[in-house]
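Q: I have just opened my first structure and would like to learn how to read it. Could you walk me through it?

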Protein chains: 2
Amino acid sequence: MNSAVSFQPMLESRPIRDIAYEVLKHGIISGEIPAGERIVETVYAARLHISRTPLREALRKLERDGLIEYVARRGVVVRAFHLEDVNEIYTIRNALEMLTLPAIIEKATPEDIASLRVKLHGMDALMRKGDIEALSPLTRAFHWQLTSLCRQQRILRAIEGQDEFITRFSAIAIRQEKHLWEAHQEHYQLVDYVEKRDLEGFRQLMQKHIEDSKRNCLEAVRERREGLKQE
Amino acid sequence: MNSAVSFQPMLESRPIRDIAYEVLKHGIISGEIPAGERIVETVYAARLHISRTPLREALRKLERDGLIEYVARRGVVVRAFHLEDVNEIYTIRNALEMLTLPAIIEKATPEDIASLRVKLHGMDALMRKGDIEALSPLTRAFHWQLTSLCRQQRILRAIEGQDEFITRFSAIAIRQEKHLWEAHQEHYQLVDYVEKRDLEGFRQLMQKHIEDSKRNCLEAVRERREGLKQE
DNA sequence: TGTACTATTCTTGTATACAAAGTGCAAACA
DNA sequence: TGTTTGCACTTTGTATACAAGAATAGTACA
């Protein structure tokens, strides 16, 4: 039996609304669906080849995420995404991330640490090839796994809510090889700090790491804005 | 013309899904709909005298709030609400609330401060009567207005997401008149600090205020758990 | 030429209908 | 007696239908 085939049914059984949700989310964050655009249900339902019902359920989730704005009897409009937002998001994320650090240090098992290192080693080859496209989701996965070690479900949920926005920008931003290598080195160091249960070192490096990420992200937004102006 | 009547159309024009959302949310938080309960769509649609469509949209929002859990093809189940959750929520809320303080101090106008004082004076009479039932939403409104002065939309949204849970518990918890008076005095002091642009004093008092609120809330949860055990 | 009113069209809000997946029970068979 | 298979029932997932409100365009009148 082919294992790939056995996975297929699970993937297909995902509700359409969830797929619609992610497609729209990606579209909004990537800028494909521009800010200010009115999402007319029938139009988008037709475009996605689905009916209005699951589309509307996806919209309700996006509404809750703050990506779209609902106006009574007028439907939804894509919210603008400003530098101000990036600042706020990073401020929030930073504050929340800091809350998880003691719990991570406390709860991380040797198996967790080994697993994180496996992930990083897996990225080494791609780093050398400079395959940023493939690297970006792995980096994200690494960070998420690290943060998840705190096992504080609500904080994680809150971080996740903020993080989605940023990740794609960061993916664009981390083009400079210099930053790429620096970040990769820091990932190893972060794991080392966890292993040594060195909260203070962990905290400082994480703070720097997030700070760098914020800078990259702000640059990416600025660049995109310049790009849009020229069109 | 009666002003209450003129509000009616606005209230009536609110989508049913929003009403359903709030009814369910209240039901879950108050414990009326117990944790672990499976929400069968047809049952609840009938109970609320609505169709499944708006109910499902309400469920998608609750899902995003983390109040219910979705299992593929099995529908949704009400999530449990533990002491652990209260701790986490307060940790998050505290961290986020602290982020708003500098902006509040910076951006508050004399009009804002006057408006806050009007609210507090309006509460004085109820305080003397000891009408806690009426006081609770006003207290909540005061706090929300104060925090909103930061004008950081995303942080506010994040706080709002956490806060909903707590408010109702606090409403139960703040029964002791002692705490009530103490809190009311502190509200006046908070406004004074804002007026004086005294960030450090503001920060310290706010921290204490949240700390007290947390203690109250934990007590309320413990009491409710005891109450449930005896049934 | 401009304004006001009406009719049409567009779009959302809600209900209902139908399809498909899952669950549980009962009967048949080992 | 235990296990398996099949069938009926329950419940979710999605599509479609209909109602009502909002916007817009066109016409009539000043």
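A: Happy to! Keep in mind that this is a predicted model. Let's begin with the chains.

Q: How many residues does the contact take from chain A and from chain B?

A: The contact takes 22 residues from chain A and 22 residues from chain B. On the side of chain A that touches chain B, the elements giving two or more residues are α4, α5 (83–107) and α8 (153–173) of chain A. The largest share, 8 residues, comes from α5(A). Sorted by class, this side of chain A has 8 nonpolar, 5 polar and 9 charged residues.

Q: Can we look inside one chain now? In what order do the strands of the sheet in chain B lie?

A: In a regular strand the side chains alternate between the two faces of the sheet. In chain B, 3 strands form an open sheet in the order β1-β3-β2, with antiparallel pairing. β1 (38–39) and β2 (68–71) of chain B stand at the edges with a single partner strand each, so one side of each has no neighbour in the sheet.

Q: How many bridges join β2(B) and β3 of chain B?

A: β2(B) pairs with β3 (residues 75–78) of chain B over 4 bridges, in the antiparallel sense. You can trace this on the structure: B:Ile68 stands opposite B:Val78 in β3(B), and B:Val71 stands opposite B:Gly75 in β3(B). The two strands form a hairpin with 3 residues between them, and B:Arg73 in the turn has a positive phi of about 65°.

Q: Which helix lies across these strands?

A: That is α4(B), which lies across β1, β2 and β3 of chain B and runs at about 110° to β2(B).

Q: Into which domains is chain A divided?

A: Chain A is divided into domain 1 (3–78) and domain 2 (83–230). Their contact takes 5 residues from each of these two domains of chain A. On the domain 1 side, α2(A) gives the most, with 3 residues.

Q: Which residues come nearest to DNA strand C?

A: Of the 19 residues around DNA strand C, A:Gly75, B:Pro15, B:Ile16, B:Ser51 and B:Thr53 come nearest. Two or more residues each come from α3 (41–48) of chain A and from α2 (16–30) and α4 (52–65) of chain B. α4(B), the helix lying across the sheet, gives the most to this surface, with 3 residues. By class, the surface near DNA strand C has 6 nonpolar, 6 polar and 7 charged residues.

Q: And which residues are closest to DNA strand D?

A: Of the 18 residues that surround DNA strand D, the closest are A:Ile16, A:Ser51, A:Thr53, B:Glu41 and B:Gly75. α2 (16–30) and α4 (52–65) of chain A and α3 (41–48) of chain B each supply at least two residues of this surface. The largest share, 3 residues, comes from α4(A).

Terms used:
Residues numbered from 1 in each chain as written. Chains lettered and ligands numbered in written order. Predicted model: local features only at pLDDT ≥ 70, side-chain atom pairs only at ≥ 80, totals over all residues. Near = placed C-beta within 6 Å. Nonpolar A, V, L, I, M, F, W, Y, C, P; charged D, E, K, R; others polar. Pairing = 2+ DSSP bridges. Contact = placed C-beta atoms within 7 Å. Axes fitted to C-alpha atoms, helices over the stretch in contact; angles between N-to-C directions. Domains from an automatic or database assignment.
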